[in-house]
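Subject: Structure handover

Hi there,

Here is the structure I promised to pass on to you. Have a look at it first, and then read on for what turned up.

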Amino acid sequence: MLIGEVSRRSGVSARMLRHYESLGLVRPSGRTGSGYREYSGDDIRRIFHVESLRSLGLSLREIGRALDDPGFTPAALVADLIRQARDRIAAETELLTWLRRVDAAEPAGWKDVLQTVALLQALGAQSAGVRQRAALSSADEVPAPVGALVEAVLGETEPNVAGALRWALARSGEAAGPALLARGLGSPVIAVRERAVRSLAEIPGAETTARLRDALADPDVTVRGHAALALGTRGVFDAVPTLIDMIVAGRNDTDAADALGMLAIDAVTTDQIAAGLVDRLAHGTTDAAARGRLTQALADIPGSTASRALVELSHDEDRAVALTAAYLLRLRDMR
């Protein structure tokens, strides 16, 4: 079979077939009387073998080794090809993400594109100062795509930069922000879930409140605590049990007590909060420090239930608890 017909049947150009011949990959078995290349059936099968291996990403040199070395084992080469393919996919995925973020910024011209790219690069810089300045500038100078801000805040470990990113995200007013942050709540990494809930806490609205309610069920106490403090300031009574747990454990207990005081807005809620504190005093803990914190928490809870509890506690066997309760009663009498 002459080269033209081989090219038509195989789909490999005559030029490429000549290149294969020059490399020794596929040599035509014969020549016609006029000197034209003539390919046998075995030659054509080898052409298809070459093309099959090329489709896997092998170089022509690697293909030659694979076809001509009887001792060649493909395992290591295939493993390397898998690694290379993964690297290419990762690079292409990163590029696609950047392109989508530039597109989300709705650039009006190339200047806007370049500014957005510069901002994205700054958000991923090694220097914490550069990242912080990028976060602060994104609120006014060059609006950052919300996806980039969310990714940055979920991965940021430097407190000052994280604070700037949370501020920028809250200032952005993007409706997609809470939903993107909520994905962070599903992370297996506790630190990521904590960053997500702290960011949600700074964004007002019913959607973020709903996401924070979900975070009350998080298995990590720190994540639950951030959610409870945020919900307490939003008047969500569901946060009460977690806030009381925080007081008992001594984790942000002062903030938790303040949040309970903010939730005590009517007779029903004040009595329920006071009853929860009293129950933990009576049955929940024997630790002296914890009982002292629970007693102090009653100070900001109005109503008769809290007052009666303080009267009883003023006669407590623990002198520190008794003195604290007596002092708080005097303060209540002075109001």
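**Helix packing**

Helix 8 (residues 146-155) packs with helix 11 at an angle of about 125°, and their axes are 8 Å apart. That angle makes helix 8 oblique to helix 11. The crossing in which helix 8 passes helix 11 is right-handed. On the helix 8 side, the contact is made by Val 153, Leu 154 and Gly 155; helix 11 contributes Val 192, Arg 195, Ala 196 and Ser 199. Before going further, please keep in mind that this is a predicted model.

A second pair to look at is helix 6 (residues 110-123) with helix 7 (residues 128-137), packed at an angle of about 135° with their axes 8 Å apart. Helix 6 and helix 7 are therefore oblique to each other. Their crossing is left-handed. From helix 6, Leu 119, Ala 122 and Leu 123 take part, and they meet Val 130, Arg 131, Ala 134, Ala 135 and Ser 137 in helix 7.

**Salt bridges**

How many salt bridges does a search of the whole structure find? The search gives 15, and here are some of them.

Let me start within a helix. Arg 83 forms a salt bridge with Asp 87, and the closest N and O atoms are 3.1 Å apart. Both residues belong to helix 5 (residues 75-104), and because they are four residues apart there, about one helical turn separates them. As for accessibility, Arg 83 counts as partly exposed at 42% relative accessibility. Asp 87 is also partly exposed, with a relative accessible area of 44%.

Next comes the salt bridge of Glu 202 with Arg 166, where the closest N and O atoms are 3.0 Å apart. Glu 202 lies in the loop between helix 11 (190-201) and helix 12 (206-215) while Arg 166 lies in helix 9 (residues 159-172), so this pair ties together parts that are 36 residues apart in sequence. Which of the two partners is buried and which is partly exposed? Arg 166 is buried, with a relative accessible area of 11%, whereas Glu 202 is partly exposed at 38%.

**A loop aspartate**

Finally, please look at Asp 316, in the loop between helix 18 (304-313) and helix 19 (319-334). What does the side chain of Asp 316 reach? At 2.8 Å there is the backbone nitrogen of Asp 318. The side chain of Asp 316 also makes a polar contact with the side chain of Arg 291, at 2.9 Å. Setting aside neighbours within four places in sequence, Asp 316 is in contact with Arg 291, Val 321 and Ala 322.

I hope this gives you a handy start when you open the model.

Best wishes

Key:
Residues numbered from 1 in each chain as written. Predicted model: local features only at pLDDT ≥ 70, side-chain atom pairs only at ≥ 80, totals over all residues. Heavy atoms only, no water. Salt bridge = Lys/Arg side-chain N within 4 Å of Asp/Glu carboxyl O. Helix = DSSP H or I, 4+ residues; strand = E, 2+ residues; numbered from the N terminus. Buried < 20%, exposed > 50% of the residue type's maximum accessible area, 1.4 Å probe, protein only. Polar contact = N/O pair within 3.5 Å; in protein donor to acceptor, adjacent residues only side chain to side chain. Contact = heavy atoms within 4.5 Å. Axes fitted to C-alpha atoms, helices over the stretch in contact; angles between N-to-C directions. Parallel < 35°, antiparallel > 145°, perpendicular 65-115°, else oblique. Left-handed = near helix turned anticlockwise from the far one by under 90°.
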